[in-house]
Amino acid sequence: MQSKDLDTFDLKILKLVQSNSKISQEDIGKYVNLSTAAVNRRLKKLHDIGAIESYITVINPNFLSYTITIITTVKVINEQLELLENLRHKFANCKQVQQSYYVTGEWDFVLIILVKSMEEYTELADELFFKDKNISKFQSLIAMKKDKISLLTPIDI
């Protein structure tokens, strides 16, 4: 199922729960003009088809002393499938890596990394990059200000 299979009710529900996953089904129903039971069925369907991947709480990283965001670009030596999968797995399983993208262009990966200190990043860089024989180079960009952080998907209704 794709967005073309979703009706206006589904899109409105997605928009509401995306910005507030704690909103009650009753309140959703009032907003979209559906019964609570209908909202419940639609939410279940949206989850079952993969439109809703998860319900999460976004925690301010500063409260846990994660004050440094680093955008790292990585270039590999060999793009053999098994070697790429190993890197993808390593990046995906690193708790400090918030986002990992395999990309086209000059670089092969772009990572968004959250750390508490530059010492932590130095140790992490040793483990993730310097010790990996398939990484030819990497570049680190330190975020000076966070102007926008969002995982919200634009929903056109």
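Helix 2 and helix 3 are roughly perpendicular to each other, a label given to angles of 65 to 115 degrees, whereas angles under 35 degrees count as roughly parallel, those over 145 as roughly antiparallel and the rest as oblique. Their axes, which are lines fitted to C-alpha atoms over the stretch in contact, with angles running from 0 to 180 degrees between N-to-C directions, come within 8 Å and cross at roughly 100 degrees. On the side of helix 2 the contact (heavy atoms within 4.5 Å) is made by Gln-25, Glu-26, Ile-28, Gly-29 and Val-32, and on the side of helix 3 by Thr-36, Val-39, Asn-40 and Leu-43. By class, this contact of helix 2 with helix 3 has four nonpolar, four polar and one charged residues.

The model is predicted, and local features need pLDDT of at least 70, side-chain atom pairs count only at pLDDT 80 or more, and totals for chains, interfaces and linings use all residues. Residues are numbered from 1 along each chain as its sequence is written, and side-chain values use heavy atoms, with hydrogens and water left out.

Ile-13 is placed in helix 1 (residues 8–19), where helices are DSSP runs of H or I with at least four residues and strands are runs of E with at least two, numbered from the N terminus. Ile-13 counts as buried because its relative accessibility is 0%, buried meaning under 20% relative accessible area, exposed over 50% and partly exposed in between, with a 1.4 Å probe and protein chains only. Not counting residues up to four places away in sequence, Ile-13 touches Ile-28, Val-32, Leu-34, Arg-42, Leu-43 and Leu-46.

Asn-33, in the loop between helix 2 (25–32) and helix 3 (36–48), is not a glycine and yet has a positive phi of about 65 degrees; Asn-33 is exposed, with a relative accessible area of 66%. Ser-65, in the loop between helix 3 and strand 1 (68–76), likewise has a positive phi, of about 70 degrees, without being a glycine, and is partly exposed at 41%. Most residues other than glycine have a negative phi.

Methods: Nonpolar A, V, L, I, M, F, W, Y, C, P; charged D, E, K, R; others polar.
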